[in-house]
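This report describes how parts of a two-chain model pack together. The sequence and structure come first.

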Amino acid sequence: MESERLNNSMKLHRGRAGLTQAQLADSVNVTRKTINSVENGVFVPSTVLALKISRALQTPFETLFSLPEG
Amino acid sequence: MLTVDQISRGRAGFLLSNGIAFAVWQMMEIQLVQDALVESIHSFLSASAVTLWTVTLVALLAPAFTRERTTVEDELTRRNRRTAFNWGYWIFIVCAILALFAASNTTAPADDLLRAVLIVGVSAPVIRFAVMERALPDGE
């Protein structure tokens, strides 16, 4: 079975928002390691966390996250 | 004031020590190990392991770790725990099969074999979880 993958542009939008990983982690109530793992595609967040991140970065969900092609 | 990351890493450190201390403490109770070690070394290792296990257990129950639980226990931590304990389950099953084989074909004492299964079943997932939790993320 193929493992779950989710592309994201979090790093780009986090940079635009002027937030560090730690600041973003604080605003969505998770550890920095979780933010780092999501950004690097190591961990696929739950829908709730993905929506919280999208709200914190003031970026539409579908701009932030996308399914891999194919 | 400690950050959530520091609390998370601190907790993982105590968990790692706790898992290792438990394994050493229980290994010291195995007859084969007792026979192989000099009395003074055995006593020292046994006492140290019990002390470390107790200290780390008390530390893990300290308010610093329980107060921040909602933030430290985020979904990555829950996934890490699930992965570690799933892995531990299979290690435990393999160990139980090996113990059954050893009990059927050797004269090893049953309590030693059961203790070995206990060591693997308890310590392996705890140590794996702690290692996963301590893994440092890349920089910003």
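## Cores and helix packing

Among the 18 residues of the largest nonpolar core, those touching the most other members are L15(B), F22(B), W25(B), V126(B), F129(B) and A130(B). A nonpolar core is a set of buried Ala, Val, Leu, Ile, Met, Phe, Trp, Tyr and Cys residues joined through C-beta atoms within 7 Å; buried means that 20 or more other C-beta atoms lie within 10 Å of a residue's own, with C-beta atoms placed from the backbone. Two or more residues of this core come from each of α1 and α7 of chain B, and α7(B) gives the most, with nine residues. Helices are DSSP runs (H or I, at least four residues), numbered from the N terminus.

The model is predicted: local features need pLDDT of at least 70, side-chain atom pairs count only at pLDDT 80 or more, and totals for chains, interfaces and linings use all residues. Residues are numbered from 1 along each chain as its sequence is written, and chains are lettered from A in the order in which they are written.

| Item | Value |
|---|---|
| Angle between α1(B) and α7(B) | about 160° |
| Distance between the axes of α1(B) and α7(B) | 8 Å |

α1(B) is therefore roughly antiparallel to α7(B) (an angle over 145 degrees). Axes are lines fitted to C-alpha atoms over the stretch in contact, and angles run from 0 to 180 degrees between N-to-C directions.

Twelve residues of chain B are in contact with 15 residues of chain A (C-beta atoms, placed from the backbone, within 7 Å).

How values were computed. Two residues are in contact if their C-beta atoms, placed from the backbone, lie within 7 Å. Angles under 35 degrees count as roughly parallel, over 145 as roughly antiparallel, 65 to 115 as roughly perpendicular and the rest as oblique. A residue is buried if 20 or more other C-beta atoms lie within 10 Å of its own, exposed if 12 or fewer, and partly exposed in between; C-beta atoms are placed from the backbone.
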